[in-house]
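Good morning. I will go through some salt bridges, ring pairs and cavities, with the model on the screen.

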Amino acid sequence: MSAIPAPAAVPMHHAAIGACERAQRIRVTGIVQGVGFRPAVWHLAQRHGLRGTVGNDGQGVVIHACGPADALAGFVADLRREAPPLARVDRIACEDGAWLAPDAGFAIVPSGTAGATQTGIAPDAASCAACIAETFDPAARRQGYAFTNCTHCGPRLSIATRIPYDRANTTMRAFPMCAACRAEYDDPADRRFHAQPIACPDCGPQVWLETCDTHRDAALPHEAIAAARLLLQRGAIVAIKGLGGFQLACDAGNADAVARLRARKHRASKPLALMARDLAMVRSYARVDVDEATCLQDPAAPIVLLLRPGGAAALADGIAPGMQTLGFMLPNTPLHHLLLQGMAHPIVLTSGNVSDAPQLTDNDAARAELVTIADAMLLHDRPVARRVDDSVLRVMAGAPRVLRRARGLAPAGIALHPDFAAAAPVLALGGDLKNSFCLLRAGQAVLSHHIGDLRDPRTLADQRRAVEDYRQLFDNHPQCIAIDAHPQSLAGAGARAMVVGAGGASPPALVAVQHHHAHIAACMAENGLPPDTAAVLGIALDGMGYGDDGTLWGGEFLSAGYRGFTRLARLQPVALPGGDAAMREPWRNTYAQLVAAMGWPAFADRYRALELHARLRAKPLGVIDAMLASHANCPPASSAARWFDAVAAACGICFDRIGHEGQAAMELEACADAATLEHESDDRAYPFAIDAGDGTLLPCLGPAPLWPALLDDLQQAVPAGVVSARFHKGLAIAIVHMVRQLRAARGGDEWRSVALSGGVFQNRILLEQLVRRLEQAGLTVLTHRQGPSNDGGLSLGQAAVAAARSLAARATSPADLTTTTARTETTPCA
């Protein structure tokens, strides 16, 4: 075991180790800084009668403890068993020695910085019950204070500038503690013992309100939060500087305010998030089961998607048009708790930006860019170290699923199979949409907070800053940089620039990972599969990604390990008339599907009476036909998402154009009839065809039989909700049939595990239908929980693939990793 430098000395007398005593150096790694771990160690040492010290360093927490052997053993056991609420203990390593111990007592010592950084920064945590009670206690000195926190709650990632996590390494370094806060900070019996963001009205950050001309002369309370609340009640839009950046708020019960917010923010249709005062208020507007209540009240305080039951209290219609769900969260800071007091309705709380731009974090930038949106700004003077959006969860198939990993969840490490610990350090840069990046080191994957769409130049610049930020924060020096195999990937271009800029004799190796392989690998990694695992049967359904044959993939059946994959089958490719335009205008997909399934003349002859026929006739079909005939600007794609768009448009949902990504599919899911899903015979589900292939062509799952059945239903005025339900059920049944066929072709014993990944699996109906039917077929189903199934999880899969390949390369040719990965990039994984 390599030597670990002792923490900085503290002024105390030392004594030799007694004859009946034992001394140990105890190394604790995981999320153990900024979560009250050292105070917890101090309390445990008092209980067990031990002498010694505890301190932070770049690797975690290091303890020197001395005392009777049985007391020491009990102490070590309690370190894991009684860790603070926000801590996560990954490993405890003990080493016997003869270190000097103080002659009495146990002390917290100043942090050391020796050694490589291996510890983690805890995610930001919502205010704990004790701090909120104190904030509303008229007798407490922090009554009404917007920054009340303790070791069990408050900011972490959003204020940390480097590790170790001490006040001097946070944006709180600008606020020297007053005598009262210092006394709490130094008192081992106080819950603020070594709470780095500790503050009070006398020494900490302050809140104030700035109003635009329209409201400057209004009679407002002197206290800023009360004034902001009154403005919200009057219908104003207020920009709020939150934990990880600016938010835009309005009264969710005020239809005019919601409409103005949408217009000013240029956000026409995408659902808006809501914040409610408490769980009781949420239940007035949405159905909340036990798992959903647990998610809402978790320290992460995410947005949770909840069903709107019939008869629920009404909110403005513009909150989530076309949807049967509402995204609710509970207050995550004292500022939000104070603001919500006295509000009759929840508030809309959406990111503080113009639509699709990065969330703002700086006061001056907010004044400049939000002036055309917000009527007032609730500001404070604590700097935000990094932008962190709200996390989004949805309970599906019996478990919470992360749809967006951000505040409260990032950057908590995802523990991989222990065999990954030997892999070289990796940086994976993710995809261009819903971007995240991932650092992999010592068997831990640090998945970044949500970044966004890199096609926006501001977001791309923000991503590159965030990558460097995390690399410095976690002391990341990658030997491999993993990227998407698309030759025009924006994230990939950044990686190539990093390799060129690295210079030296051994620059990082580039590892290109096919998009859908990364999806499946991310699911495998989350589920703890080892680097040399047997292949799983991966089903990747999404919008599209660059295939290793140069075509567009989006509905794939793969035999996949980390190190490679084989494409077994696919959804039937259909042309995308107009290329990118087909992703914005669902009618194009409907027309292409009808032409492929039966031809326009047959459709027109049989279904001329349908409104769908008239609406399609009004489109420039001659231009589309010319594209299809010449194969110009209409690439074929096996995209599952475009099937959902085509069916939605056929039902009259988002026929002409979508207002945000996935809108047509989301509204198609939202309208599905529950009774049809639960009670109607599978015989009524829409049929699909499976073409087994001929040895040279891949097996295909095709939608040709779907269309006559669906159109017949429309001709008989079957409601769109029933059509949607039959489509969802039919697709799930067809996918299971394809799985059975693929397994039968291999003798029926291969692929006992099926991994489901890709953005389409954010669809609750399809996910739950597939999980149930595959499990009934006797298969183990692997799904996402800790990371998103959408492109926000790609970087985790890329990192796992690169790490597994580095381990394999080291085993076969230790000096040839760069050559191996360069060849992989030139010819994407096969």
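Is Asp364 exposed or buried? Asp364 is exposed, with a relative accessible area of 52%; buried means under 20% relative accessible area, exposed over 50%, and partly exposed in between, using a 1.4 Å probe and protein chains only. Before I go on, this is a predicted model, where local features need pLDDT of at least 70 and side-chain atom pairs count only at pLDDT 80 or more, while totals for chains, interfaces and linings use all residues. Residues are numbered from 1 along each chain as its sequence is written, and side-chain values use heavy atoms, with hydrogens and water left out.

Back to Asp364. Its salt-bridge partner is Arg367, with the closest N and O atoms 2.6 Å apart. A salt bridge here is a side-chain nitrogen of Lys or Arg within 4 Å of a carboxyl oxygen of Asp or Glu. Asp364 and Arg367 are 3 residues apart in helix H11 (residues 363–369), about one helical turn. Helices are DSSP runs of H or I with at least four residues, strands are runs of E with at least two, and both are numbered from the N terminus. Arg367 is partly exposed, at 30% relative accessible area.

The structure holds 44 salt bridges. Take Arg27 and Asp57, whose closest N and O atoms are 2.8 Å apart. Arg27 is in strand S2 (residues 21–31) and Asp57 in strand S3 (residues 51–57), so this pair ties together parts that are 30 residues apart in sequence. Arg27 is buried at 5% relative accessible area, and Asp57 is buried at 5%.

Next, Glu134 and Arg192 form a salt bridge at 2.6 Å, N to O. Glu134 belongs to helix H3 (residues 129–135), and Arg192 to the loop between helix H4 (179–186) and strand S8 (207–211), so the bridge ties together parts 58 residues apart in sequence. Both Glu134 and Arg192 are buried.

Now the rings. There are 13 aromatic pairs, counted when rings of Phe, Tyr and Trp (its six-membered ring) have centres within 6.5 Å; planes under 30 degrees apart are stacked, over 60 edge-to-face, and the rest tilted. Why is the pair of Trp643 and Phe688 stacked? Their ring centres are 5.9 Å apart and their planes are at 15°, so the pair counts as stacked. Both residues are buried. Elsewhere, ring pairs link Tyr591, Trp600, Phe603 and Tyr607 into a cluster.

Last, the cavities. On a 1 Å grid over the protein atoms alone, a cavity is a set of points where a 1.4 Å probe fits but cannot get out, and lining residues have an atom within 4 Å of a point. Grid points are joined across faces, edges and corners, and a volume is the space filled by probe spheres set on the points. The count is 5 cavities of 30 Å³ or more.

The largest cavity holds about 140 Å³. It is lined by 19 residues, with Ala146, Leu243, Thr333, Pro334 and Arg382 closest to its centre. Helix H10 (residues 334–340) gives the most to this lining, with 3 residues.

The second largest cavity holds about 110 Å³. Of its 17 lining residues, Gly34, Val35, Gly36, Arg38 and His194 lie nearest the centre. Helix H1 (residues 37–48) supplies the largest share of that lining, 3 residues.

Technical notes. On a 1 Å grid over the protein atoms alone, a cavity is a set of points where a 1.4 Å probe fits but cannot get out, and a pocket is an open set with protein on both sides within 12 Å along at least five of seven lines; lining residues have an atom within 4 Å of a point.
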